[in-house]
Amino acid sequence: MRAPDLIRFARDAAAGNPLRTVLLVLAMSIGVASVVVLTALGDGARRYVVNEFSSLGTNLVIVLPGKSQTGGFNPGNAITNTPRDLTIDDAQALLRASAVRRVAPLAVGTSEISVGGKLREVMVAGTTAQYIDVRRLPLAQGRFLAEGDWRRGASEAVIGAKIRDELFGANPALGQLVRIGDRRFRIIGIMASTGQGLGMNTDELVLVPVSLAQAMFNSNTLFRVLVEANSRESIELAKSQATAILKARHEGEEDVTVITQDAVLATFDRLLGTLTLAVAGIAAISLAVAGILVMNVMLVSVTQRTSEIGLLKALGATGGTIRTAFLTEAAMLSLAGAVLGFLLGHAGAAIIRQLYPVYPAYPPDWAAIAGLGTALVTGILFGVLPARRAARLDPVESLAKR
Amino acid sequence: MMNEPLIALSGVERVFQLGDSEVHALHQLDLRIDSGEYVAVMGPSGSGKSTLLNLLGLLDRPNAGTYRLEGRDVTTLSPEEQARVRSERIGFVFQSFHLVPRLTAAENIALPMVLAGTAPSERRKRVDQALKDYGLTNRAGHRPNELSGGQRQRVAIARATIMQPAVILADEPTGNLDRATGEEVMRLLEELNGKGVTLIVVTHDAALGARAQRQLRMEDGELRQDSRQCAPRT
């Protein structure tokens, strides 16, 4: 039999019993759709977390004061176990490392901001002009903190979008004087709204020069130093250079923790990737169920079409031809179900994205392909038994049946 | 090759197992049918005439004996080779027509060629000719349930002849038809025989059997009578 004839024959046979065909395609499509939707959810979670971490900035190395693990005895620890401060000078020293492009110190505290009788508590972050580049944050209005000596700073502040809305409403905020803590600052810039963010939400942040923040909180230490490496490849180098510089500056004691964003990201990536696989596996069970249904329906079909099979044999069809015809039909129904399920799954994922815009519920490519592939394979695999049964029917007995 | 009969059965046995007992549907059957003959196989039900037809059509295998079709021993062929012989040399006409209900008349006629893998252009040509020959041109797109009994059997005959077989095996071809329609169907089959196609008709209708040049009367799986009448062919 020629391939186009085979396909037409299988199509006509499928169309000859619409209810059976519809049920089968539906079962298969539900299986595939569940794979697509569930992996979209799993992979969406992974993407969400990865995106949030990426929003911290790219090629980022983060320096924290203090060491989580203690390695060996150090004379310094014998006298005092208070970790050394991570100072602005330390941060500035990191700029000497060859693999480092930018450095942004970060001092954080809470304070009150007031203007025109309105007062609210805010998180104040002291940093430098580099911060906006390191974190890749967009500015909505005005300019960011000025370049200059890190140990001095003008009384200028950049506020988050939400704070602008709450304090000024529709009135212009740029150039206004506000009181933060016991100091007066002029607002020189407004951050663009970035929505949710892990850790600090810049929408509710007030950014001031790092020296003023330290003075405000009466502290010498930095909360973090954000270091941007030259490139993705130099992250590890930047990390070791930063560790070495700070160790040298702290009298040979490694009392800071240097983490790379990549390490954190990779962990989450792996964790949630595994979760997605597990979910896909559960969804695949429904595909196996659909496969068994294909077998069942095809077996019934063979019984119903016994006399037709006998006729085909009398007309010169070999067992192979009949087997191929039934397999083609099973494959076509599975394929139709798989394609329908694929579309349904994507529609489902699109609805989820509509309902939760922050959640990137896109099914991964591998899941879509695996879903389609599994549907086809199960369909054909479970189609083999009925097809063989059809091919083996005795033509005399089959013809006698009506 | 000239002396070789179309069909030669020798010592053919067909035994069915029914519970404990063995039923000899065919017993020590020897039969020669020459090319172009018109043979009627008659006998009461259970006499083995349908079994004989299935055997001749390679739908069934004998338990013993040999069956030579056009000088070739076909009992030892593999199922695939037998299917090929059925496809090319044998045409079946059934009592209950056996048309595929979801296919149109034209598609039913084309079915043997589809199964054999004939090219679509050749198929169309032959189907168009067959539709014309059997007066079905304006019925080509109709499905079997939209056709009358006579039309259905004409479709079935067109299908049986589309591969230009050497022999047509008809099992009670008029059994489901009224007298007039049955007459018309027999006339079509006899016309084919007139063109040189060997025609073997199984029937229990004596009047129908009498039309053939040769009558085989079967009883209990044995050939009881083999009579020829030398009626001139038209």
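Ala, Val, Leu, Ile, Met, Phe, Trp, Tyr, Cys and Pro are counted here as nonpolar, Asp, Glu, Lys and Arg as charged, and the others, Gly among them, as polar. The model is predicted: local features need pLDDT of at least 70, side-chain atom pairs count only at pLDDT 80 or more, and totals for chains, interfaces and linings use all residues. Residues are numbered from 1 along each chain as its sequence is written, chains are lettered from A in the order in which they are written, and side-chain values use heavy atoms, with hydrogens and water left out.

**Interface**

Chain A contributes 26 residues and chain B 25 residues to the contact (heavy atoms within 4.5 Å). About 2200 Å² is buried between the two chains, 62% of it on carbon and sulfur atoms; buried area is the accessible area (1.4 Å probe) that two parts lose on being put together, summed over both. A:Arg2, A:Leu311 and A:Leu315 supply 26% of the area that chain A buries against chain B, more than any other three residues.

Two salt bridges link the chains (a side-chain nitrogen of Lys or Arg within 4 Å of a carboxyl oxygen of Asp or Glu). One of them joins B:Arg123 to A:Asp5, with the closest N and O atoms 2.5 Å apart. On the side of chain A that touches chain B, H10(A) gives the most, with six residues; helices (H or I, at least four residues) and strands (E, at least two) are DSSP runs, numbered from the N terminus. That side comprises eleven nonpolar, five polar and ten charged residues.

**Cavities**

The structure holds two cavities of 30 Å³ or more. On a 1 Å grid over the protein atoms alone, a cavity is a set of points where a 1.4 Å probe fits but cannot get out, and lining residues have an atom within 4 Å of a point. Grid points are joined across faces, edges and corners, and a volume is the space filled by probe spheres set on the points.

| Cavity | Volume | Main contributor to lining |
|---|---|---|
| Largest | about 70 Å³ | E6(B), three residues |

Residues from both chains line the largest cavity, among them A:Ala314, A:Leu315, B:Arg86, B:Phe92 and B:Met163. By class, this lining has eight nonpolar, two polar and two charged residues. The lining of the second largest cavity includes A:Phe9, A:Arg305, A:Phe326 and A:Glu329, and it divides into seven nonpolar, no polar and two charged residues.

Terms used. 1 Å grid on protein atoms, 1.4 Å probe; cavity = no way out; pocket = protein on both sides within 12 Å on 5 of 7 lines; lining within 4 Å.
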